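Thanks, everyone. Please look at the model on the screen, and I will walk through a few spots in it.

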Amino acid sequence: MVSETRSESELSSLTRELLDSAKKPEFAEWLKRTRRKIHENPELAFEEHETSQLIRSELDSLGIEYSWPVAKTGVVATIGTGEEPVFALRADMDALPIQELVEWEHTSKNKGKMHACGHDAHVTMLLGAAKLLQQKSKDFKGTVKLIFQPAEEGRFGAYHMLKEGALDDCKAILGLHVDPTMPTGTLGSRPGPFLAGSARFLVVIEGKGGHAANPHLARDPILAASSVILALQHIVSRETDPLEAKVVTVGFIEGGKASNVIPQTVRFGGTIRSMTSDGLSFLRQRLKEVIEMQASVHRCSATVEFRKDEMSYPPTVNDERMYNHAKRVGEDMLGKANVQLLPISMAAEDFSFYSQKMAAAYFSIGTMNESLGSHKELHTPYFVIDEEVLPIGAAFHSAVAISFLAQSLS
């Protein structure tokens, strides 16, 4: 009991010290400047060359060793003794192909590209953590790896970081994502499955074209595709346990150019999602069966492909012990009322690849401040963040890492 009380006291002292350091005016202004530089120069997946250069320049100035390039543009920095245990902190670097419509001094300078998912803030918070950890490096044993990862947005950057062995020695990992639906100064997550696994599909229905006046002489792929799309909805509504979360969504359909012509083919595509890998496999199998059978009813044929240039995202599953550890740190730093138990989400994230390989915790960090307009949704051209989140994220990263190493070695 005495040891536990002492541990709690030490954690409280650590979290206060790190947050106070990160909120000092000079430190906080450095964070803002850094984030704004990154925001002005958004780069798409595997093209984050200047972002990577900025990261390396900051690490050089702090005297932190790193490996580069990893997965083309990624950077992996190392702080500590270089010995086990090794704890990882991750930030994604890439932007989105969106034209920014926010009018401010630091708007995107790259036409058609924008940090509309907050990855500029993620990188900045991890650089802030690097600075805090370097200041404390003589006080902790073990090693912290800082994972600056490319290509989260649909290009599986996490998978490629793992494939290149960048995290082979890591025991656990923490990831953060800004959330404009949660107030600044809050955190949230949940143990176990948190985000869905997903895959994208493409379907071609092949019929026989003809004149709209003579449908009996044609085999109408538009009618077949319509039946297929309606039938797909029954996979979730009639074949899935109502208490299990699954999604089948058709996102686009293309077929025909003229109102008086029945086309030869129709193309459509979409996404399937599930909170389990088994659920995702079930959806893949039934999707193919339903599409092929429904097409045949209309005397058409169908081909179903899951994107060849992609793989499936597995579900993001938070390790219960790792989640509880990060939750405890967050409660010490921000107060129990400001660490929320979030519902599962059908969004997908390539952090899931890390969660398959090691104890992982993925947390949302609030950026909502309606007076600043930072309540606009992610992936929109009007997305902004409350920069007061930056020192909080930097301190939280650092506190979770240091306390994890101390706990592992005690």
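Start at L133. Leaving out residues up to four places away in sequence, L133 touches I79, L89, F140, V144, L146, S398, A401 and I402. Contact here means heavy atoms within 4.5 Å.

Two ground rules. This is a predicted model, so local features need pLDDT of at least 70 and side-chain atom pairs count only at pLDDT 80 or more, while totals for chains, interfaces and linings use all residues. Residues are numbered from 1 along each chain as its sequence is written, and side-chain values use heavy atoms, with hydrogens and water left out.

Now the core. L133 is one of the residues that touch the most other members of the largest nonpolar core, along with F87, L89, L146 and F148. That core has 67 residues. Its largest share, 12 residues, comes from helix α10, residues 389–409. There is also a second, separate core of 25 residues, and V70, A71, V86 and Y354 are among them. For the terms: a nonpolar core is a set of buried Ala, Val, Leu, Ile, Met, Phe, Trp, Tyr and Cys residues joined through side-chain atoms within 4.5 Å. Buried means under 20% relative accessible area, exposed over 50%, partly exposed in between, with a 1.4 Å probe and protein chains only. Helices (H or I, at least four residues) and strands (E, at least two) are DSSP runs, numbered from the N terminus.

Next, the largest pocket. How many residues line the largest pocket? The lining holds 35 residues, and A347, A348, E349, L378 and H379 lie nearest the centre. The space in this pocket is about 860 Å³. Definition, quickly: on a 1 Å grid over the protein atoms alone, a pocket is an open set of points where a 1.4 Å probe fits, with protein on both sides within 12 Å along at least five of seven lines, and lining residues have an atom within 4 Å of a point. Grid points are joined across faces, edges and corners, and the volume is the space filled by probe spheres set on the points.

Which strand gives the most to that lining? It is β5, with 5 residues. At least two lining residues each come from β5 (172–183), β7 (192–195), β8 (197–206), β12 (265–274) and β16 (359–368). By type, the lining divides into 16 nonpolar, 10 polar and 9 charged residues. Here Ala, Val, Leu, Ile, Met, Phe, Trp, Tyr, Cys and Pro count as nonpolar, Asp, Glu, Lys and Arg as charged, and the others, Gly among them, as polar.

On to the backbone. Most residues other than glycine have a negative phi, and most peptide bonds are trans. Look at two prolines. The bond from W68 to P69 is cis, with omega near -5°, and P69 sits in strand β1, residues 65–70. The bond from E84 to P85 is also cis, with omega near 0°. P85 is in the loop between β2 (74–80) and β3 (86–92).

Then positive phi. F46 is not a glycine, yet its phi is about 65°. F46 lies in the loop between α2 (25–40) and α3 (49–62). Buried or exposed? F46 counts as buried because its relative accessibility is 12%. K72, in the loop between β1 and β2, has a positive phi of about 75°. K72 counts as exposed, at 59% relative accessibility.
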